[in-house]
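Colleague: I'm new to this one and would like to learn how to read it. Could you walk me through it?

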Amino acid sequence: MTFNKKILTALVVGSLSISSVSVMALSQKEENNNVMSVNNKEIKEKELYNKIMFSSDYKATLEVLDGKVLEKKYKDDKRLNSMIEAKYKEIADSLKKDDPNMEKEFASYGVDNKASYIKKADVRLGALRELAAIDTAAQKLFKQEEIDYIYDNKFSGTAKISSILIEPKMSAKDNGNNGLTDKAKAEANKEAEKVISEIKGGLSFKDAYNKYSADKTLENGYIGTFNVEQAHTAQLENPVIKEAFSLKDKTSSTTPVETSRGYEIISVEYTVPKKSFEDVKNDVNKMLFDLYQGNNNFTREYVLDQFRADEKIEITDEVQSKQHANSVLQNRKSYTTFDPEAQNNGLNYGY
């Protein structure tokens, strides 16, 4: 018999199965518009189509549609292979104890090698979807201050930090007098500006420290070697951390940094150089996406729904389209806006 094209599309694209039905005979009767005989019961074309579609899942169709669009979109993307390897490793690590060589896992998909498994177990599709989700989230979810925070804190390199401290000159009895305090601070700030001017004029930071710093407990002003997280752990003051990791390699402050001790002049020398944002943009986006996803289980599907809408990925079948639309609605309702200022969210804007 000849199936109507619409039914054939449903069977092929949707990867549908009627294996649970015992098909005894097929016959075509023109007057009944392609009648199928199943267990001696005749079923008209429309009725058969409805039975197939109502018992199917839109997700299988969506896999085909996603795959076609994503393969084209990311065919030359250098991130794809590393993403696939990362996903494969995650699966292999989870099965390491009971299935160290992945033999049982391969067998469950009817394959005997890694390449075939990656394709058949949708590891590749999962990686493609992950890339689409990350890129879409970067455009539609992430706030600029979140991107800046992750970049500044996670990708700022490691630096030797040194400091020159200029303290306000006050006696203990002057501490309660706000007028004298303000005057002493202004004088300290002015002195710090003078030291900065001398450093710009050629005085070495080491000599400036030995000549002017009120804190002589440091060797040539050296505080220690830190990345941003280590600096916070070491409880360096936020203004010092912010100043240090905003400076270029082998440079020092161009304006005094006010701290609880007075005014400080900061110098850095990078042991692990800072990379430009463009160099680490993809890593920043992935880290932020993982943070969002860790705080909200619906992040991935929520942003993939937006990606599909932008790419005009649509299921035109009436039944599957309704199923998909309901899923989109549920994802939208279940996703709650990520609050970067909430406690225990992984971000800390106190920097």
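This is a predicted model: local features need pLDDT of at least 70, side-chain atom pairs count only at pLDDT 80 or more; totals for chains, interfaces and linings use all residues.

Colleague: Where does Glu130 sit, and which residues does Glu130 touch?

Modeller: Helices here are DSSP runs of H or I with at least four residues, strands are runs of E with at least two, and both are numbered from the N terminus. Glu130 belongs to helix α7, residues 123-140. Contact means heavy atoms within 4.5 Å. Setting aside residues up to four places away in sequence, Glu130 touches Met83, Lys87, Phe289, Gln293 and Arg300.

Colleague: And the protein chain overall: how many helices and strands are there?

Modeller: The protein chain has 15 helices and 8 strands. Of its 351 residues, 40% count as buried. Take contacts between residues at least 6 apart in sequence: 68% of them join residues at least 24 apart.

Colleague: How do I read a helix such as α4?

Modeller: Start with the length: the expected span is 1.5 Å times one less than the number of residues. Helix α4, residues 79-95, has 17 residues and reaches 25 Å from its first C-alpha to its last, close to the expected 24 Å. Then look at the sides. An α-helix has 3.6 residues a turn, so residues three or four places apart point the same way. In α4 the buried residues are Arg79, Leu80, Met83, Ile84, Tyr88 and Ala92. The buried residues of α4 pack against α5 (103-108), α6 (114-120), α7 and α13 (277-295).

Colleague: What caps the N-terminal end of α15?

Modeller: Asp317 does, with a side-chain oxygen 3.0 Å from the backbone nitrogen of Val319. Val319 is one of the buried residues of α15, along with Gln320, His324, Ser327, Val328 and Asn331.

Colleague: Now strands. Why is β4 described as largely enclosed by the rest of the structure?

Modeller: Because 8 of the 9 residues of β4 are buried. For partners, the rule is that two strands pair if DSSP finds at least two bridges between them. Strand β4 is joined by 9 bridges to β8 (residues 262-272), and the two run antiparallel. Ser162, for instance, has Ser267 in β8 as its bridge partner. Another 4 bridges join β4 to β5 (residues 222-226), again antiparallel, and Lys160 stands opposite Thr225 in β5.

Colleague: Which residue makes a polar contact with the side chain of Ser163?

Modeller: A polar contact is a pair of N or O atoms within 3.5 Å; within protein, one must be able to donate a hydrogen and the other to accept it, and residues adjacent in sequence count only if both atoms are side-chain atoms. The side chains of Ser163 and Glu264 make one at 2.5 Å. Ser163 lies in β4, residues 158-166, and is buried at 2% relative accessibility.

Colleague: Last topic: how many aromatic pairs are there?

Modeller: Rings of Phe, Tyr and Trp (its six-membered ring) pair if their centres lie within 6.5 Å; planes under 30 degrees apart count as stacked, over 60 as edge-to-face and the rest as tilted. A search of the whole structure finds 6 such pairs. In one, the rings of Phe106 and Tyr117 have centres 5.4 Å apart and planes at 45°, so the pair is tilted. Phe106 lies in α5 and Tyr117 in α6, so this pair ties together parts 11 residues apart in sequence. Phe106 is buried at 9% relative accessible area, and Tyr117 is buried at 1%. Tyr151 and Phe277 form an edge-to-face pair, 5.5 Å centre to centre with 85° between the planes. That pair links distant parts of the chain, with Tyr151 in α8 and Phe277 in α13, 126 residues apart.

Technical notes. Residues are numbered from 1 along each chain as its sequence is written. Side-chain values use heavy atoms; hydrogens and water are left out. Buried means under 20% relative accessible area, exposed over 50%, partly exposed in between (1.4 Å probe, protein chains only).
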